[in-house]
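Welcome! Let's take a friendly look at a protein and at some of the side chains on it.

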Amino acid sequence: VNKHLQKIFRLCNENSIPATFFEITTGLSFSYFVESGVDVVVLETGLGGRLDATNVVTKPKLCIITSIGLEHTAILGNTVELIAAEKAGI
């Protein structure tokens with residue numbers, strides 16, 4: 001973890017990226033997955049939707065949206081319809 005974490009911090013610093021905890025741990029996970037040569041990864045999103053850190057996966061084999069409720073309303077919208085539209089961006 002330490003080796004990968006130092007790499008993530010260095011990349012954030014060099015590129016002036018003010019990463020959140022979730023973004024850092026997502027990057028840490030991806031770095032580990034690449035080094036380990038995994039065949040399949042199951043990811044759970046943070047916020048879910050087009051703004052999520054896991055959205056760097058450009059060609060997912062499968063995306064699933066479970067129940068949608070009024071969560072993260074300050075970022076995703078204050079209605080189920082607005083939140084659903086954002087989460088459809090995964």
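## Counting the salt bridges

How many salt bridges are there? The count comes to 3 salt bridges. Keep in mind that this is a predicted model.

## A link between two helices

Start with Lys3 and Glu35, whose side chains meet in a salt bridge at 2.6 Å, N to O. Lys3 sits in helix α1 (residues 2-14) and Glu35 in helix α2, so this pair ties together parts that are 32 residues apart in sequence.

Lys3 counts as exposed, with 54% relative accessibility. Glu35 is partly exposed at 48%.

## A pair within one helix

Glu14 and Arg10 also form a salt bridge, at 3.6 Å from N to O. They are separated by about one helical turn because they lie 4 residues apart in helix α1. Glu14 is exposed, with a relative accessible area of 52%, while Arg10 counts as partly exposed at 43%.

## A helix and a loop

In another salt bridge, the side chains of Lys87 and Glu71 meet at 3.2 Å, N to O. This pair links distant parts of the chain, 16 residues apart: Lys87 belongs to helix α4 (residues 80-87), and Glu71 to the loop between α2 and α3.

Is Lys87 buried or exposed? Lys87 counts as buried, because its relative accessibility is 11% and the cut-off for buried is under 20%. Glu71, at 38%, counts as partly exposed.

Val57 is partly exposed, with a relative accessible area of 33%.

Conventions:
Residues are numbered from 1 along each chain as its sequence is written. This is a predicted model: local features need pLDDT of at least 70, side-chain atom pairs count only at pLDDT 80 or more; totals for chains, interfaces and linings use all residues. Side-chain values use heavy atoms; hydrogens and water are left out. Buried means under 20% relative accessible area, exposed over 50%, partly exposed in between (1.4 Å probe, protein chains only). A salt bridge is a side-chain nitrogen of Lys or Arg within 4 Å of a carboxyl oxygen of Asp or Glu.
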